[in-house]
Amino acid sequence: MEYLTFEQDRKYDLILLGRIAIDFNPLDYYKTLAESETFRKYVGGSPANIAVGLSRLGKKCGFFARVSRDRFGEFVVNFFEKEGIDTSHIRPCVNGESLGLTFTEILSHDESSILMYRNGIADLALCPEDIDEDYLKESKAILISGTALAESPSREAALKAVALAKKNFDIDYRAYNWKNEDETALYYCAVARDSDIILGSREEYDLTERFLSLDGTDEASAAHWCAGQASVVVIKHGKQGSTAYTRDGNSYSIRPFPVEALKGFGGGDGYASSFLYGIFNGLEMMDCLELGSASASMLVASHGCSPDMPTVEELEAFIKKEKEQYGDHASGILPH
């Protein structure tokens, strides 16, 4: 079933905009950052991870971004090209900005934290002049990540892209980017009201709706956004599962697939890429949710994010194995 109509003659399925970072994940697990000594380097950042995830699933992605003019910037571009992501609109910074560095801390199966270095950051140097309208016209949709709205000139670049193109909005809240929650809510709300698909956690919706007269329930959030531009509103509750609300008034909920988690991050990006794959392919909403949930479970059980994004075959094999092992308890509709 098609919940949105896409122009099928476009070169790209999705063009993404915003944060590309370098992740350093520890190889000596269950130690603090002060104790960890060995790390593995990955391309990171939510929109970057989503682009890789969709590309692994056979979708064609483009990207608007600024990267550092150094070996880390070279690393990103080379990795994207290897993954089949178009890099023609990923440009080096001109004022010495650096890619963000993310050091992760894996303390236990259930406890992870992140330390980020984001002063003079490359992704927030994206400017309105970087947004090419002709490039946008080659894509079925664009994805705006919330962190792109945190500062100028990236903020204006994102708003220009929103004004020019069909879009999805991944709320992607990171408190360290923002001056205060009022500023965050104003810009998130401005983009959300023009988005066809909105994805985020319950906490992120609460922040986005800070100045709206809603009661904080998922049903109220869905009714508000679907009464405007949105055709699909996805609200995630971590280990409790997620629910997709559609403009026709229906809702669909799913549990996570049971896995032994290694880390507490990365699942959301896997979820977004596989869920959007289902949307682009016109799948039923429960199938989209199942793919998203499966990818999220696979990602929290893996060491990396972008390099561990699954292929279609790997997703299908994982779902089959989980259902054979756990039966109907592997995933399913949650009661409302």
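**Entry 1**

I looked up Arg-210 and found it partly exposed, with a relative accessible area of 41%. I used these cut-offs: buried is under 20% relative accessible area, exposed is over 50%, and partly exposed is in between (1.4 Å probe, protein chains only). This is a predicted model, where local features need pLDDT of at least 70, side-chain atom pairs count only at pLDDT 80 or more, and totals for chains, interfaces and linings use all residues. Residues are numbered from 1 along each chain as its sequence is written, and side-chain values use heavy atoms, leaving out hydrogens and water.

Which side chain does Arg-210 meet in a salt bridge? The partner is Asp-182, at 2.6 Å, N to O. Arg-210 lies in the loop between α6 (202-208) and α7 (218-226), and Asp-182 in helix α5 (residues 181-192), so the pair ties together parts that are 28 residues apart in sequence. Asp-182 is partly exposed too, with a relative accessible area of 33%. I counted a salt bridge when a side-chain nitrogen of Lys or Arg is within 4 Å of a carboxyl oxygen of Asp or Glu. Helices (H or I, at least four residues) and strands (E, at least two) are DSSP runs, numbered from the N terminus.

**Entry 1: other salt bridges**

I searched the whole structure and got 17 salt bridges. One of them joins Lys-140 and Asp-13 at 2.8 Å, N to O. Lys-140 sits in strand β8 (residues 139-145) and Asp-13 in strand β1 (residues 12-17), so this pair ties together parts 127 residues apart in sequence. Are these two residues buried or exposed? Both Lys-140 and Asp-13 are buried.

Arg-71 and Glu-74 also meet in a salt bridge, at 2.7 Å, N to O. They are 3 residues apart in helix α2 (residues 71-82), about one helical turn. Arg-71 is exposed, at 67% relative accessible area. Glu-74 is partly exposed, at 37%.

I also noted a network of salt bridges linking Arg-202, Asp-206, Glu-209 and Asp-218.

**Entry 2: helix α1**

How many of the 11 residues of α1 are buried? I found 10, so the helix (residues 46-56) is largely enclosed by the rest of the structure. Among them are Pro-47, Ile-50, Val-52 and Leu-54. Gly-58 follows α1 and has a positive phi, near 95°.

I checked the peptide bond from Ser-152 to Pro-153, and it is cis, with omega near 5°. Pro-153 is in the loop between β8 and α4 (154-164).

Tyr-30 is not a glycine, yet its phi is positive, about 60°. Tyr-30 lies in the loop between β2 (21-26) and β3 (39-44). Its relative accessible area is 37%, partly exposed.

Asp-172, also not a glycine, has a positive phi of about 45°. I placed Asp-172 in the loop between β9 (167-170) and α5. Asp-172 is buried, at 4% relative accessible area.

**Entry 3: the whole protein**

I counted 10 helices and 13 strands. The C-alpha atoms fill a box of roughly 55 × 45 × 40 Å along the principal axes. Of the 336 residues, 58% are buried. Among contacts (heavy atoms within 4.5 Å) between residues at least 6 apart in sequence, 72% join residues at least 24 apart.
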